[in-house]
Amino acid sequence: MKGVVEILDREGQVRSVFKVTEWPARIGRSPNCDIVLDDSHVAGEHAELQLAEQGPQLALLPSINGGWVGDHAVLPGQVAPLEGLALFQLGATHLRWRSADAPLPPEQPLAEHQLRQVSRSMWWLPALMAVWLGILGFNYWLGSDTDTKLVTYAWPLLGPLAAVLAWAGVWALITQLFHRRFPFAKHLRRVLIWLIAMEAVDYLLPGLAYSFDLPRLAGLSELIAPCAGAFLIWWHAVLVWPRARRSMAVGFGLLLALGLGLRMAQRSDEQYSFGPRYLNALPPPGFRMVSPKPPEVLLDDLRSLREPLDKMAKKDNDAAEGPEDED
C-alpha cells in the first residue's frame, strides 16, 4: 500500500510531502527516521506508521508529548487507525496521511479559489452590514422628532459600526496570534448575524407578549441576552481554539449559570426574576390578538397588590423613624 504524509502549516496548507512506499515508516527528529520533522517538541523516534490487516495505523513510540489523531489524543504506546485521509499531530507539527486510494480534490484553475472566497465575502458582508445599519437607523428614527436632520444619524450609526469593526478586528488578531491567519471576514460575519438576531428578538418577543397577553414572554428577552452574549464569545473563540470548544462551552455555561443566579437573587423581592419592570412603549392596538378584559379584572388584580404595598410602606416608615427613635 502506498501513500504520502503531508506536513501542514497552521493555515492547513501543505508545506512538504513525504512518500511512503515501505512499511513500517518511522517519524521523528532523528536522521534515522524515514520522515524527519524539524520540531523540538518531537522525540528522536516519535511515531511509526504501520500497515495492519485493517489498514494503516499510527503507533506512538515513547515520548513526552504524545500525539493526536483528529480530535482524539493518542498516548505513547497506543495505536490509532488512519483512514484514507486522516489528520494527525505530533508535538507541534500538523500532518495528514493520504493513501493512494483516497480521492484527490479536483484540479483548480489559478486564483479561482481566492476569487470565490472574495466573491462570497463581497456578497454576504455588505448585505449583513446594510441590514444591521438599516435596523439601527429605523430604531433611531422611531425615537426622533419629525424635523430631525439626516446629519444627526451619523453618530448613532457610525459609533456602533466602529465598535463592531473593532470587535471583529480584535478577534482576528487573536486568531492570527495562534494560527497565523487573519480571518477578519469570518469574525465580522458572525457578530453581524448575532446582532441582527438580537434585534429580531427585541422586536419579536415584546410584540408577541403584547398581542397574545403573555407577559412572561417579554421577560425572556432579559434571559436570552446573557445567554446570547456567552454564545457570541464562544462562537468567536472556537475559531481560535477549535479543539477546546467543548471545554469552553462548559466553562461559559457555568459562568452563565452563576451570573443568572446572582441576577435572580438581586431581584428576589420583585414580581418576576427576569423581564422588564414596566413597558415604556406599546405596539399599535391593531396588534392585539386577544379579547379585551373588563375594568373589573384590573381592579381585582390591583387589590392583590395592596398587602405587599402596605408592607413595603411600613418598612419604609420604620426605616425613616429609626434615627429619631434612637435620639
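**Nonpolar patch.** I looked up which helices build the nonpolar patch in this predicted model. Helices α6 (295-303) and α7 (306-326) each supply at least two of its residues. Helices here are DSSP runs of H or I, at least four residues long, and strands are runs of E, at least two, numbered from the N terminus. Helix α6 gives the most, three residues. I listed the members: Leu-298, Leu-299, Leu-302, Leu-305, Leu-309 and Met-312, making about 580 Å² of surface. Patch residues have over 30% relative accessible area and no salt bridge, and nonpolar side chains are joined within 5 Å. A salt bridge puts a Lys or Arg side-chain nitrogen within 4 Å of an Asp or Glu carboxyl oxygen. Areas come from the Shrake-Rupley method with a 1.4 Å probe.

**Ground rules.** I noted that local features need pLDDT of at least 70 and side-chain atom pairs 80 or more, while totals for chains, interfaces and linings use all residues. Numbering runs from 1 along each chain, and side-chain values use heavy atoms, without hydrogens and water.

**Leu-298.** I found it in helix α6. Leu-298 counts as exposed because its relative accessible area is 52%; the cut-offs are under 20% for buried, over 50% for exposed, and partly exposed in between.

**Cysteines.** I found zero disulfides, meaning pairs of cysteine sulfur atoms within 2.5 Å. Is Cys-33 buried or exposed? Cys-33 is buried, at 7% relative accessibility. Cys-227 is partly exposed, at 31%.

Technical notes:
Buried < 20%, exposed > 50% of the residue type's maximum accessible area, 1.4 Å probe, protein only. Patch = residues over 30% accessible without salt bridge, like charges linked within 9 Å, V, L, I, M, F, W, Y side chains within 5 Å.
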